Amino acid sequence: MDLDALAVFVRVAELASFTQAAAQLGMPKARASTSVSQLEARLGTRLLQRTTRSVRLTPDGELFLERCKALLADADELGALFQQAPTALRGRLRVDMPTGVARHWVIPRLGEFLARHPQLEIELSTTDRRVDLVHEGFDCVVRVGPLHDSGLIARPLGAVQMANCASPAYLAAHGTPHTVDDLDQHLLVHYSTTLGGKPLGWEYRDGTGYRFKPMRGVVTVNNAEAYQAACLAGLGLIQAPRAGVRQLVAQGALVEVLPQAVAEPMRVSLLVAHRRGQSKRLLALMAWITQVLEPYVSEPSAG
């Protein structure tokens, strides 16, 4: 059985597209199509139903896909069976994570991982947009916040504690809020991954749960870097992970306010598409990311 043909079939099946699969695999679309057709001829069955608009699995294709993934995982592990040295890991890994996580925590230490595994290559996507792990070809993603991808496998890493901040210039102009009711006289920098949506407001714990207080704001941003920059510019209050603002608070660039009314800690998770079929290089990267993030996701509460 041609393992390369199996890998092409798996990627086409996951993406439901010969065009996208070929682009991710770095080959012409015609070659990907021919590879799958030859595989079907050898098996004596049709694995994919093709139309001008879609590609979908046949019943035989669905059965074959799961066995394919297991076989490719076994082949990858077999190939590394006698390669005991960490430097033996090779290949390319594609990972996505929020911009702040990458910039402040992961990238400063990425050199140590690559020094340990010099034959690995990392494609690192940094965005606050929720990428489609399967259709965009990621091996794993780091996600901060609630999970909505029910079909993915999540490894919980912990949670980041939150803090409320404002710039000294903002507080000088608007005063310092001491209670949640005081927020009626203040501005909130709104955060929304999709601009045009209705902002939730200020999150705080009330009794046994968390609730939102609507707040006025004149600026809405859609990524964490702009969110922090707007606060530094005196455009309003923000609620952000404490680890991400700690240095700015220590320097006096930001001031913590309302410590009794902070937002719920944000969960941090590692997501992969499948429990099986994880290569040794992916397992090594996930273990390293877990280690790097551990000091930030297991912080004690400020209270």
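Modeller: Disulfides first, then: the count in this predicted model comes to 0, taking a pair of cysteine sulfur atoms within 2.5 Å as the test. Two of the cysteines are worth a glance anyway. C68 has a relative accessible area of 2%, and C140 comes out at 0%. Buried means under 20% here, so C68 qualifies, and C140 does too.

Now for the part I'd zoom in on, helix α8. It runs over residues 242–251, with R242, A243, V245 and L248 buried. As a reminder on geometry, residues three or four places apart in an α-helix point the same way, because there are 3.6 residues a turn. As for what covers those buried residues of α8, the helices include α5 (99–116), α7 (224–232) and α9 (280–297). Strands take part as well, among them β7 (162–166), β12 (238–241) and β13 (255–256). Look just past the end of α8 and you'll find G252 with a positive phi, about 85 degrees.

Of its 303 residues, 41% are buried. Take the contacts between residues at least 6 apart in sequence, and 75% of them join residues at least 24 apart. The C-alpha atoms fill a box of roughly 75 × 45 × 35 Å along the principal axes. For charges, you've got 32 positive and 29 negative side chains, and the centres of the two sets are 4 Å apart.

How values were computed:
Residues are numbered from 1 along each chain as its sequence is written. This is a predicted model: local features need pLDDT of at least 70, side-chain atom pairs count only at pLDDT 80 or more; totals for chains, interfaces and linings use all residues. Side-chain values use heavy atoms; hydrogens and water are left out. Buried means under 20% relative accessible area, exposed over 50%, partly exposed in between (1.4 Å probe, protein chains only). Contact means heavy atoms within 4.5 Å. Lys and Arg count as positive and Asp and Glu as negative; His and the chain ends are not counted. The place of a charge is taken as NZ of Lys, CZ of Arg, CG of Asp or CD of Glu. Helices (H or I, at least four residues) and strands (E, at least two) are DSSP runs, numbered from the N terminus.
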